[in-house]
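Reader: I have the sequence and the model open. Show me how to read them, one feature at a time.

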Amino acid sequence: MKSPRKHAGMALVIILWFIALLSLLALGFSKAVRTDTMVARNLVDSMQAKHLAAAAVEKGVYGLLNPDQAVINALISSAPVELKLGDAQLSFTLQDENGKLDINHAPLELVENLLVTQGVAEDTALAISHALGDWRDENDLKQLYGAERREYIEAGMAWTPSNAPFRSIREIRHLLGMTSRIYNMIAPLITVYGSSEKINPQFAPRALLAAIPGIDAVELENYIDARESLSEEQVPAPAALPLLTSVESSLSGKAGPVYTVFGRARLPSGSRATRRLVIWIPEQNQDRPYFVLDPGQDPPPEKIREDEQ
């Protein structure tokens, strides 16, 4: 028969194990609560940042609807306009689409030259530019180094050229030969919302102006320097800038009515968000101050039917 002392010892061991088990459970529960709290906090911060980025976009749109000198300078410089809302850091950037290369109208030579000046190999740039021409034209006749339906099918692609104008710049990601690296390099320089092959140099990035065939390097540097030196007090009209006579036929003085507005937000927690909107501001009253042309979503490319493979 076990002594009372042995029974007491066993009871003590059981109690200690029980306490240890409760401690582990409490520790695990506490850690789970902290994790859930952090996840919930991150979700809240993420949602807040997204809404604040949208607010920054709306602020930029308001500036375009009620332009002042700061807005005009922001359009020319493409520099972000900083805002502050509570502890959050906000900014918006404005771009006039006339300062970009319209891939629905641009000469293929200019498309090729833009790719080359961005570091793309010459043979790849030539093939992509011809593939771009084949995608946007209305026929199935292949450019010398381009690609039509047959080439896409032979390459195992799940889509073929639309033989129609590009609906958005993101559609060129489906060109034969295009890569994510190349697309990311040229995306800020191209548009589908222009109305001609010409570019307004007031709003054009240096990289795009430098890609225009025949541009004089000295003229370009003088132009960029003059554009960057415009003070906030000056009216940055075309007359205040030197002429780019070497490529005058490729340039336009048209401004608007289509703009891209980028909004960015950063919270003290480090959460960030961006928002992009392409808008059209009609010259005549159409019962709405502006129309959204691109909310940042694209339909998928047209798939090849099984009977065509």
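**Backbone, cavity and confidence**

Author: Start with Asn163, which counts as buried because its relative accessibility is 18%. Buried is under 20% relative accessible area, exposed is over 50%, and partly exposed lies in between (1.4 Å probe, protein chains only). This is a predicted model: local features need pLDDT of at least 70, side-chain atom pairs need 80 or more, and totals for chains, interfaces and linings use all residues. Residues are numbered from 1 along each chain, and side-chain values use heavy atoms, without hydrogens or water.

Reader: Is Ser78 buried, exposed or partly exposed?

Author: Ser78 has 31% relative accessibility and so counts as partly exposed. Its phi is positive too, near 60 degrees. Look for Ser78 in the loop between α2 (69-77) and β1 (81-85).

Reader: Which residues does the cis peptide bond join?

Author: Most peptide bonds are trans. Here a cis bond joins Gly256 and Pro257, with omega about 5 degrees. Pro257 belongs to the loop between α8 (217-229) and β5 (258-266).

Reader: Which residues of α3 are buried, and where do they point?

Author: Leu108, Leu110, Val111, Leu114 and Leu115 are the buried residues of α3. They lie on the same side of α3, because they cover an arc of only 165 degrees around the axis, taken from the directions from the helix axis to the C-beta atoms. Their cover includes β3 (101-102), α4 (122-136) and α6 (180-186). Gly119 follows α3 and has a positive phi, near 100 degrees.

Reader: What lines the largest cavity?

Author: A cavity is a set of 1 Å grid points where a 1.4 Å probe fits but cannot get out; lining residues have an atom within 4 Å of a point. The lining includes Leu101, Ile103, Leu132 and Ile190. Helix α3 (residues 108-117) supplies the largest share, three residues. The lining divides into nine nonpolar, no polar and no charged residues; Leu, Ile and Val count as nonpolar.

Reader: Over which residues does pLDDT stay under 50?

Author: pLDDT is the predictor's confidence in each residue, from 0 to 100. The chain averages 84, and 85% of residues score at least 70. Residues 297-309 stay under 50. Where pLDDT is low, predicted coordinates should not be read in detail.

Terms used. 1 Å grid on protein atoms, 1.4 Å probe; cavity = no way out; pocket = protein on both sides within 12 Å on 5 of 7 lines; lining within 4 Å. Helix = DSSP H or I, 4+ residues; strand = E, 2+ residues; numbered from the N terminus. Contact = heavy atoms within 4.5 Å.
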